[in-house]
Amino acid sequence: MDLQTTIYIGVGLSFALYIGIAIWARAGSTSEFYAAGGSVHPIANGMATAADWMSAASFISMAGLISNMGYGGGLFLMGWTGGYVLLAMLLAPYLRKFGKFTVPQFIGDRFYSKSASMVAVLCLLTASLTYIIGQMTGVGVAFSRFLGVSSEVGIYAGMGIVFMYAVFGGMKGITYTQVAQYIVLILAYTVPAVFISLQLTGNAFPQLGLGSNIIGQDVSLLAKLDTVVTDLGFGKYTTTTAGSTLNMFVYTLSLMIGTAGLPHVIMRFFTVPTVKDARSSAGWALVFIAILYTTAPAVAAMAKINLIRTITPGVVMGNADVYGKESAIEFEKRPDWMKRWEKTGLLKFEDKNGDGRIQYYNDKSKDEAFNAKAAEAGWKGNELNVNADIIVLANPEIALLPNWVIALVAAGGLAAALSTAAGLLMAISAAVSHDLIKNIFVPTISEKNELLAGKVSMAVAIVVAGWLGLNPPGFAAGTVALAFGIAASSLFPAIMMGIFSKKMNKEGAIAGMLSGLFITLFYVFAHKGIFFVKGTDFLPVIGGANSFFGITPEAFGAVGAMVNFIVAYAVFKVTKAAPAHIQEMVESVRIPRGSKLVDGSH
């Protein structure tokens, strides 16, 4: 069976499974639509949480960024993993005990203010919509390559699939679909990694293969990679950081606290019966997430070495001269996988020196000795551009693995993007229909009309995200990092202060959220354009790119969070503390044991 047919069958079967589950588990009430009836088993919820949390950015883009950035790309691993631990251990049990199943509802009740709830809805919508753009980018990449359509058509197809099972199934349908999607995506990530690790190092465990010697050579894979990439003018793979040390620190911090503030993950802890089950499912999710995250560094390094091995065959597995004319492959003899990815526009070749061969190197290197050797070899610039988002998806093709493995990766990439998109749409739907319409504007709305409003808001969010996904502000992981920054600067401080500062009042929380959100969006829009619309950026206003101590817009969320805390505290000091009954309620939430929900409210 040829590759394309195998992919059609694999992806088609996975989609049929998701839609079948959504129909079987369709929501019949608002409780099932928003919180799956609160009856999900902790292990199933752990798998659904892992699928919800591991998006296209984790599956498709993260290893690609680590592969390109080397050690510096590890900030995604540290930030996202640390953020999940922070969320699972520090916040989730308290939020679950509070008994409110959306973040705006928690903020509205804790800060005894409908205005605070409305501001939280605004922050949630901004972060979630930005996050979905990243997922749609990933969906477009996966569909365009594996189904042989353009990226635009891929995004439209993804919108249709998400609409079908998220709108009709609600949280209940989404939960059980995410369980299936987790199984698909984790197999899709680990099976090719095992094959490639065996090919390169003879070790079946990729995590151990990363530190093993290359087959037939007395040198470790990472040491060989360091040598090869520095020979090609890149920074050393195991030590190069992402910008300055300060930028790497705040970038990691931003991802970490942004993870802890993301509403679609928090909502998952309301789908289990008790607080004890919420803690249990958080632990299970960490185990399921660790399987992918401990594999990612190996996938990244092995993909990098396989890519260079393809372009310069004798350099990695032998000791060929990297500058030798015969070391680079001829363009006409390039492998079929390169031809397939060229059609997507995500892999491009330009023969700058007219020799008919592919020179892949860092033409922006500041190493004079390297530049002299490159010029002597007749190189006139890097000739191959490989989009970071295709590294994981193309990895099994680069390693020449069987067709069924490539089809499995296609299904896994789509599962990762679709599962998170559905979770985000659920958060948006709940924020609009429940927190905004039901709790503030139309309290008398019937359950039927509230459900209808939730589904309509989901549909609108899908259309907006798809439209913005056609012109994303960056790679899938880069776009998602912006969303994490927005959540970090707006929602995270309010949630933290809501739980751990019993005196914090509504004035402080509202001022903090608005100031954190505003300053972060201002810095991001200055770089990426207003609402990511191309041509509307205003870098000269802030003094040029990364003008604030060299911090990139993706890393700015941590600065926004600091502004949020400072403004909230300053306003709190000049206004009245929270009422006594609210302070008592916060005290009761912080009691470490017991599964009883708090019963106080404003």
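Predicted model: local features only at pLDDT ≥ 70, side-chain atom pairs only at ≥ 80, totals over all residues.
Colleague: How should I read a nonpolar core, and which residues touch the most other members in the largest nonpolar core here?

Modeller: In soluble globular proteins, nonpolar side chains tend to be buried together. Here the largest nonpolar core has 213 residues, and Phe-59, Trp-80, Ile-107 and Trp-341 are the ones that touch the most other members. Helix α18 (residues 403–441) gives the most to this core, with 23 residues.

Colleague: What is Phe-59 in contact with, once its neighbours within four places in sequence are left aside?

Modeller: Phe-59 is in contact with Leu-185, Ala-188, Tyr-189, Leu-292, Val-392, Leu-393, Val-409, Gly-412, Gly-413 and Ala-416. Phe-59 is also one of the residues that line the largest cavity.

Colleague: How many cavities of 30 Å³ or more does the count come to, and what is the volume of the largest cavity?

Modeller: The count comes to two cavities of 30 Å³ or more, and the largest cavity has a volume of about 70 Å³. Its lining is made up of Phe-59, Ala-188, Tyr-189, Pro-192, Ala-193, Val-299, Val-392, Asn-395, Pro-396 and Val-409. The elements that give two or more residues to this lining are α8 (151–201) and α17 (391–398), and α8 gives the most, with four residues. By class, the lining of the largest cavity divides into nine nonpolar residues, one polar and no charged.

Colleague: What lines the second largest cavity, and how does that lining divide by class?

Modeller: The second largest cavity holds about 50 Å³ of space, and the residues that line it are Leu-232, Ile-311, Thr-312, Val-322, Gly-324, Ser-327, Ala-328, Ile-358, Gln-359, Tyr-360 and Trp-379. This lining has seven nonpolar, four polar and no charged residues.

Colleague: Let us turn to single residues. Is Asn-45 buried or exposed?

Modeller: The cut-off needed here is that a residue counts as buried when its relative accessible area is under 20%. Asn-45 has a relative accessible area of 0%, so Asn-45 is buried. Asn-45 is found in helix α3 (residues 42–53) and, not counting residues up to four places away in sequence, touches Val-40, Arg-268, Phe-269, Thr-271, Val-272 and Ser-281.

Colleague: Where do Ser-117 and Asp-435 lie, and what does Ser-117 touch?

Modeller: Ser-117 has its place in helix α7, while Asp-435 is found in helix α18. Ser-117 counts as buried at 6% relative accessibility, and Asp-435 is buried with a relative accessible area of 0%. Leaving out residues up to four places away in sequence, Ser-117 touches Pro-104, Gly-108, Asp-435 and Ile-440. On the same terms, Asp-435 touches Thr-102, Pro-104, Gln-105, Ser-117, Val-121, Ala-430 and Ile-440.

Colleague: Which loop holds Tyr-112, and what is its phi?

Modeller: Tyr-112 lies in the loop between α6 (103–110) and α7 (114–146), and Tyr-112 has a positive phi of about 40° although it is not a glycine. Tyr-112 is buried, with a relative accessible area of 16%. Phe-549, in the loop between α22 (539–542) and α23 (557–573), has a positive phi near 55° and is likewise a residue other than glycine. At 61% relative accessibility, however, Phe-549 counts as exposed.

Methods
Residues numbered from 1 in each chain as written. Heavy atoms only, no water. 1 Å grid on protein atoms, 1.4 Å probe; cavity = no way out; pocket = protein on both sides within 12 Å on 5 of 7 lines; lining within 4 Å. Points joined across faces, edges and corners; volume = space filled by probe spheres on them. Nonpolar A, V, L, I, M, F, W, Y, C, P; charged D, E, K, R; others polar. Core = buried A, V, L, I, M, F, W, Y, C linked by side-chain atoms within 4.5 Å. Buried < 20%, exposed > 50% of the residue type's maximum accessible area, 1.4 Å probe, protein only. Contact = heavy atoms within 4.5 Å.
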